[in-house]
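Open the model in your viewer and keep the selection tool ready. We will take a short tour, stop by stop.

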Amino acid sequence: LLSLAFGVAAALYLASGVLFRHALWLYPGLAALHLAMVVFLKAMDTGRPVSMVSLPLTAMTWLMALIGTAFSRSGSAYQTRPVAAADNELGQISGWARGQMFTAIVRAGWARPFLLFAIFDLLASQIVAFYDPQLAIIVAGANALLLGLLAVLWVDPVLPYAALAFGLLAAGFWFDLRGLSFATSLSLAAGFGFACYLLALAIEWLVGLSATRLKPLAIWNTPLVRASVALCVVAVAGTLPLGLTQPMAAATALGFTGALSLTMALKGRVYLLGYLGVALLLVAWSVFLVVWDVREPQWYAIPTGLYLMGVGYLARRHAPGRLAMLIEGLGVAVLLLTSFIQSLNPDSGFVYFLLLLDEALVMIWWGAGQHFKVPFFAGLFASVLNVVA
């Protein structure tokens, strides 16, 4: 009976809002509607936990947000406050915090009560679901999806950050449900950050294909890039102190951060960032090999030597000099000396003799083709020394 009474009151107040064309009636109407829903759920109580209320609250959040968005797009007929006065107040608010959805709330139109109740429902549903990880994942994911949709519909620069925050919250509850350690969770967060950057690249590509229809998606580019960098930096800073006790987590965070740095360097042609990215990947690779008890030095020497030669090649193109020759010579030495030392083993040296011969021939071909003296003479000397030894 109480639920029915609240429902009738909600219908009267909402009908009064339509009859008198004033948004003030919507506040008691929506409040009575929420009370009717809560009391009805209490009356239909079947012994389920209180956290189950978060699911209908999430549905109510979607309903309030979409109705508010529809009213905001209906024009000035549903604005109960002069637009000029509201815009004057908005001008006193910092640009970062002034989003399109916030603008609609300040303008006090018919969208305002629905959007305010949507914010209340969103927070209430997440708080109620907090003590049930499975429900918390569902609710946080639904809230993130709703905020992401609203960000595109409103072309609001603030909402993508809120959507990403709820997405991270859902991931955090999932980590907790799986019983993952703090370091492992941070390393997976770095992977989430790298995925954010790849998503930003995909959105940029899609917007480029259809600049008119898909242009609102561009609102996501900057938040995704910032989130990817922040997550990777936090992951590396949090896992490096635990490198001795949990090396796999530290290596995973370094690997994702290195991949992010390398991808950003390739897109923006920032070579120093590319050097850092590949260096982080090599460190992560080395840690993985140590953890897996891989004792073959070639697994260390080949990627490191190729990396140093690549850095030397790029440095030679942009700033020729002794530094470029030194870096390139160090890469050649790592490759050839490792194979030469292993070729001296009387039991398994023949395989490395053939490997060193191939590496030396590649060095000679590379040096002759690029007119580089260091790899050419190093390969020539190594091949002769290899046969003599």
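**Stop one: a charged pair**

Select K267, which is partly exposed, with a relative accessible area of 45%. Keep in mind that this is a predicted model. Which residue forms a salt bridge with K267? The partner is E204, and the closest N and O atoms of the pair are 3.6 Å apart. The two come from distant parts of the chain: K267 sits in helix α11 and E204 in helix α9, 63 residues apart. The structure holds 1 salt bridge.

**Stop two: helix α10**

Next, select residues 221-239, which form helix α10. Display the C-alpha atoms at both ends. They are 27 Å apart. Now color the buried residues of α10, among them P223, L224, A227, L231 and V236. What do the buried residues of α10 pack against? Show α8 (159-178), α9 (182-209) and α11 (247-268) to see their packing partners.

**Stop three: E359**

Move on to helix α15, residues 349-370, and select E359 within it. Is E359 buried or exposed? E359 is buried, because its relative accessible area is 11%, below the 20% cut-off. A polar contact of 2.9 Å joins the side chains of S339 and E359. Finally, show Q298, L335 and L336. Leaving aside residues up to four places away in sequence, E359 touches these three and S339.

Note on methods: Residues numbered from 1 in each chain as written. Predicted model: local features only at pLDDT ≥ 70, side-chain atom pairs only at ≥ 80, totals over all residues. Heavy atoms only, no water. Helix = DSSP H or I, 4+ residues; strand = E, 2+ residues; numbered from the N terminus. Buried < 20%, exposed > 50% of the residue type's maximum accessible area, 1.4 Å probe, protein only. Polar contact = N/O pair within 3.5 Å; in protein donor to acceptor, adjacent residues only side chain to side chain. Contact = heavy atoms within 4.5 Å. Expected span 1.5 Å × (residues − 1). Salt bridge = Lys/Arg side-chain N within 4 Å of Asp/Glu carboxyl O.
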